[in-house]
Amino acid sequence: INTIRGVFAASDTDNSGTISHKEFNELLRDVELITYLEAIGIDSTEAQGLFRLLDADSSGKVSIDEFVSGFLRLKGSAKAVDMVMLLYENRKISKKLNQILKETRCVATPASNGTAS
């Protein structure tokens, strides 16, 4: 974990406490990080999509918590990347379904009020 936190601190060039997409792309050029990613079973080409996976709240920035928890999830075989991608897609679908449910309730509520009288 300390290694991951150290990578985060070195990557946060503007000292904002978050890593922007630009900072992350610069980080992916770091030979030491590429070596680390390959050591934990992540191909450097797969790392290009890593930022989107780590940006759990879709803010366009990655906090230290998102960064550390994301990397810990990815540690292990390359199959972990697939699992994290599934978690990301599942979260996206869940948000969309919740939005549809809210919209459906808003539409259904006035209609049911009109038929009850």
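Reader: Which residues of H1 are exposed on its other side?

Author: This is a predicted model. In it, Asn-2, Ala-9 and Ala-10 are exposed on that side of H1.

Reader: And which residues of helix H1 are buried?

Author: Ile-4, Val-7, Phe-8 and Ser-11, within a helix that covers residues 2–11. Look down the axis of H1: the buried residues fall within an arc of 100°, so they line one face of the helix.

Reader: Why do residues three or four places apart point the same way in an α-helix?

Author: An α-helix has 3.6 residues a turn, so such residues point the same way.

Reader: Now charges. How many salt bridges does the count come to?

Author: The general idea comes before the case. Side chains of opposite charge can pair when their charged atoms come close. Here the count comes to one salt bridge. Glu-89 and Lys-92 form it through their side chains, at 3.9 Å from N to O. The cut-off is 4 Å.

Reader: Where do Glu-89 and Lys-92 sit?

Author: Both are in helix H6, residues 79–115. They are three residues apart, so about one helical turn separates them. Glu-89 is partly exposed, at 27% relative accessibility. Lys-92 is also partly exposed, at 32%.

Reader: What about Glu-66: buried or exposed?

Author: Glu-66 is buried, yet has no salt bridge. Arg-91 is the nearest side chain of opposite charge, 7.8 Å away. Glu-66 belongs to helix H5, residues 64–74.

Reader: Which backbone nitrogen lies 2.9 Å from a polar atom of the Glu-66 side chain?

Author: That of Ser-63. Leaving out residues up to four places away in sequence, Glu-66 touches Leu-54, Asp-55, Ala-56, Asp-57 and Lys-61.

Definitions and conventions. Residues numbered from 1 in each chain as written. Predicted model: local features only at pLDDT ≥ 70, side-chain atom pairs only at ≥ 80, totals over all residues. Heavy atoms only, no water. Helix = DSSP H or I, 4+ residues; strand = E, 2+ residues; numbered from the N terminus. Buried < 20%, exposed > 50% of the residue type's maximum accessible area, 1.4 Å probe, protein only. Arc of directions from axis to C-beta. Lys, Arg positive; Asp, Glu negative; His and termini not counted. Polar contact = N/O pair within 3.5 Å; in protein donor to acceptor, adjacent residues only side chain to side chain. Contact = heavy atoms within 4.5 Å.
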